[in-house]
Structures are given as structure tokens and as C-alpha cells.
Amino acid sequence: MQREKIQLIRDGLETAYVNGNTASELLYKPNFVSNNHNEGKKVLSVIEDELLKCDKFQISVAFITLGGVTPLLQTLKELEIDDTHCRHFQGENGFALVTLKETDRVFLGSNKGGIAKDHAFDFNEEDMDYIQQYDLIYTNLNSYIEQDLSKLYQTKVPIAYDFSMRWTDEYLRDVCPYVTVAIMSCAHLSEDEREREMKKAQKYGVSVVLGTVGEEGSYVLYKDKFLYTKAVLAEDVIDTMGAGDSYFAAFLSDMLKNSPQHKILDGSDEQMYVKIQNAMKKASEFAAKMCAKEGAFGYGVPITGRTEI
């Protein structure tokens, strides 16, 4: 009996690795398993299924040295997003440790951007020409790009900036003059504090200031007028990482899409108020959907790197 099983295993190995035409039983043939979002395949799910069907379990795992960067680049390729002007450096990719407290995310720490903080962008003329093809530049306080904002501003492409929940008066004074749209995470602030901070950003030069307050909704300050939209709550919260990014992305996309010239600032004040309100609603709906997906934008993968700060 044992010899028969050994032969079945050998036949399966030969089919898998030597000659695909060799007859063998599917039960004994090794399978390559990977995460495939399009086909709904997950390594963890396959392992769990196999564990339910066996007494002993052995697994061979191969880790790609570039960690989270390699699957990210593959995802960008699948989505047909150009990465030809991305910077690549050897070192640890940026990561953050986050947990859920009820439905709110709580940051436990991060590696402060990893290798990215050690290398400047050094934008050249080719980069500038490339950037000018687009309707909008998005960046944030974790990009270590502050010293390049004046150069990017010269492209005349509007800049959208995510201040997250960490800023100072000095930082706002330095960054806001170059920014057209800003988003500020304000859930930790009182109503008076939120209005005060959003008004500061407007005072220093930002045209459209977004202030998100988690489950309480979001506000936009445009030309001294506050607009409000309630949050759309996800039915099943799985991962809130990227909720704010999803909101901002959907808001910006809708603003551009509803402008004949693909501009953030377009039309009369009244037209802008309507456009902003509609974009806020679309953004809230999209952010709720993302909270029901694994990963910051629906392409979650098992963690293979360190999980301590």
C-alpha cells in the first residue's frame, strides 16, 4: 500500500514538473498556489480547505525578495497603470501596523515610509513633461516631497494633498500655497477645532478643503462655506485601511469627471457647491465599499515581512 502511494506521488511530481503528458491522479499532483484577485483565489483559503481534508500537511513556500512591491507592480500592470516613472530602491517598503477598534482604524506604528525617506525624487525635465499630461497631481505628507512642491507647482497641474491627521501651523504655511485640494482627517478634533484647522488651510492658499470625521461624515470648505455629507456605513467592515484614500480618490475623480475641461475648479460658485456636494456623496459611497474589501484598495495579500515596529 505504501509503495503504491509513493508511486502515485512520483507520477504526480513528474506530471507537474517534468512531463505534463504523464498520466497521474489529480489528488497527488502538486499545485502552484498564488493570490489572484481577478479569479477570486487566495493562498490562505486554499490552505484552510486542504487542512480540513488531511491528517498531516506539508507546504513549500517561496517568498519574493521585493516583498510587497512585486505584487503591487503586477497589480498596476493588470490595471494598465503606467509605472515607468516610478522610483525603485533596494530596502524595506513602507508599511503601517493597524488594528480595528469597533469600525475605526487605530494606527499602532509604522516604519516612516521605509526606504523612501532616504531618497529624493530628483524630478527631471522628462518627469515634468510627463506630469503635464495629467489633470491632477496627488501626493501626501508621507511622500517626503515637500521640497519639490514648488517645482511641481510650476507645471500648472493642480495638486491634491493629504495631510492625514498630522500637521502643524508651520507645515500648513509651507505646503498650502501649492495645493488646490486638501484632505484632513479630523475625527480626533472637536467641531470648533475642525473648523479652525480647515479655515487655516484655506487661509494659507487651499481652494477646496476636505475634512473627514469617520462615521460622522465629512465636510468641505469652499469660499468660506461649509458643506456636509453624512457617512455611508459599510454593512460588513473588513479592512478600513485606505478608506480615507478611497474617499479622496473618488471625490477628486468625480470633480474632474463632471467638468467639461476636466478641472477641479470650474464654473460659478453655485455650480461648484453642487459639484462638490455630489462628489462628496459619491466618495462616501465608494469609501464604504472599500471597507468591505481586504487591503487598502481590494488587493490584500498575506503579510510575509516583519509585523513589529
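This is a predicted model: local features need pLDDT of at least 70, side-chain atom pairs count only at pLDDT 80 or more; totals for chains, interfaces and linings use all residues.
Residues are numbered from 1 along each chain as its sequence is written, and side-chain values use heavy atoms, with hydrogens and water left out.

**The sheet.** β4 and β5 pair in the parallel sense over three bridges; two strands pair if DSSP finds at least two bridges between them. They belong to an open sheet of six strands, ordered β3-β4-β5-β6-β7-β8, with mixed pairing. At the edges sit β3 (137–140) and β8 (225–229), each pairing on one side only. From one strand to the next, the twist averages 20°. Helix α7 lies across β5, β6, β7 and β8, at about 40° to β7. For such angles, axes are lines fitted to C-alpha atoms (for helices over the stretch in contact), and angles run from 0 to 180 degrees between N-to-C directions.

In total, the protein chain has nine helices and eight strands. These are DSSP runs numbered from the N terminus: helices are H or I with at least four residues, strands are E with at least two.

**The cores.** In soluble globular proteins, nonpolar side chains tend to be buried together. A nonpolar core here is a set of buried Ala, Val, Leu, Ile, Met, Phe, Trp, Tyr and Cys residues joined through side-chain atoms within 4.5 Å. In the largest one, with 28 residues, L152, Y161, F163 and M184 touch the most other members.

| Element | Residues |
|---|---|
| α4 | 125–131 |
| α5 | 149–153 |
| β4 | 159–162 |
| β5 | 181–185 |

The largest share, three residues, comes from α6. A second, separate core of 24 residues includes L227, A250, M255 and A283.

Which residues does F163 contact, leaving aside its neighbours within four places in sequence? They are L141, Y171, L172, V175, C176, A182, I183 and M184, where contact means heavy atoms within 4.5 Å.

C176 is buried, at 0% relative accessible area, while C86 is partly exposed at 39%. Buried means under 20%, exposed over 50%, and partly exposed in between (1.4 Å probe, protein chains only). Of the 309 residues in the protein chain, 30% are buried.
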